[in-house]
Amino acid sequence: MKRDDQSGLALGGNKVRKLEYLVGDALDQQADTLVSGGAAQSNHCRQTAAAAAMTGLACHLALGGEAPDHLEGNLLLDAFFNAKIHWCGDQRKGETIPDICRALVKEGKKPYVIPYGGSNATGALGFVDAMTELKLQRATCHSSLSHIVFASSSGGTHAGLLVGASVNEMDVDIIGIGIDKEEMEGVALDQYILNLANEAASRKGVEKTITSDNVSLVMDYVGGGYGVVGHLEKEALQLTASLEGILLDPVYTGRAMGGLIDLIRNGRLESSHNVLFWHTGGTPALFAYGESLLR
Ligand SMILES: *Cc1c(COP(=O)(O)O)cnc(C)c1O
């Protein structure tokens with residue numbers, strides 16, 4: 001298991017790797033305010049708010065839903081980082097960011113937009129580095145690596161891992177477990193990942209193009225949709241906690257681990273394979289899903 005849940009910024013998670021590049025770009029452009037959006041329990045938004053606090057920037061977040069009576073999980077942490085929350089009803093993918101930016105510019109602010117999930121080519125570069133890091137770490141262990149399995153949702157992690165594998169000449173099957181049935185910006189997720197990967201690859205000066213054969217995305221485990229906890233997630237959470245002492249989250253890593261367990265049960269992955277589960281974080285969301293996890 002690769003533990004990006006331990007990546008260090010405000011309870012960790014995979015967005016830290018993207019934010020390293022995105023916030024770097026914001027500072028280069030002398031922005032004073034980060035603007036992003038997502039679901040109410042967005043891990044990405046919590047990490048963005050923390051990164052803003054750390055670098056002395058303001059942070060505005062467009063979150064799906066209505067203001068709740070109690071702040072829990074990621075939302076509680078957003079408040080600690082002084083993020084300004086804009087409640088956006090059924091728009092949970094940052095659709096209202098342009099309006100927020102217009103208002104900020106009117107106030108004389110210099111906003112920098114971080115797209116949904118931090119998934120543009122700049123953000124994806126963080127996961128190209130992540131594969132270089134993995135390659136270095138693997139040099140110290142003596143087993144081969146055949147597959148990487150992880151939660152894939154807005155495409156940046158997936159795209160970066162593909163480019164990172166190419167840059168580092170790592171021959172490994174990268175299998176994303178789809179988390180959300182909706183497409184990204186009107187494009188099917190696998191196509192979005194492919195476009196993003198090739199954009200990031202050209203930024204890295206990689207000549208080999210990434211083709212649709214390289215994009216392995218399993219959409220069989222989306223269940224009731226984004227953030228709807230079912231038996232798959234609950235079982236994976238329980239097993240991983242009780243057998244390994246490791247916490248997963250209800251939305252992403254619980255679903256991805258549930259998918260991995262099913263791929264093993266149905267024989268697509270077998271004992272001759274050496275599988276790495278990339279833990280992408282999400283732990284704070286556990287505390288907002290207590291009821292549905294125990295039911
Ligand atoms: C955002 C997120 C993902 C998905 O990463 P993408 O780059 O959006 O595909 C996976 N796990 C957790 C915990 C996340 O917060």
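Reply: Helix 8 (residues 231-244) and helix 9 (residues 253-265) have axes that come within 8 Å and cross at roughly 90 degrees. Helix 8 is therefore roughly perpendicular to helix 9, a term for angles of 65 to 115 degrees. The axes are lines fitted to C-alpha atoms over the stretch in contact, with angles running from 0 to 180 degrees between N-to-C directions; the helices are DSSP runs (H or I, at least four residues), numbered from the N terminus.

The model is predicted, and local features need pLDDT of at least 70, side-chain atom pairs count only at pLDDT 80 or more, and totals for chains, interfaces and linings use all residues. Residues are numbered from 1 along each chain as its sequence is written, and side-chain values use heavy atoms, with hydrogens and water left out.

On the helix 8 side, the contact (heavy atoms within 4.5 Å) involves Leu232, Glu233, Glu235, Ala236, Leu239 and Thr240. Helix 9 meets them with Gly254, Arg255, Met257, Gly258, Gly259, Ile261 and Arg265. By class, this contact holds five nonpolar, four polar and four charged residues; Ala, Val, Leu, Ile, Met, Phe, Trp, Tyr, Cys and Pro count as nonpolar, Asp, Glu, Lys and Arg as charged, and the others, Gly among them, as polar.

Another pair may be set beside this one. Helix 1 (residues 15-28) and helix 2 (residues 43-55) pack at an angle of about 45 degrees, their axes 10 Å apart. The contact is formed by Lys15, Val16, Leu19, Val23 and Leu27 of helix 1 with His44, Gln47, Thr48, Ala51 and Thr55 of helix 2. These residues divide into five nonpolar, four polar and one charged.

Technical notes
Helix = DSSP H or I, 4+ residues; strand = E, 2+ residues; numbered from the N terminus. Parallel < 35°, antiparallel > 145°, perpendicular 65-115°, else oblique.
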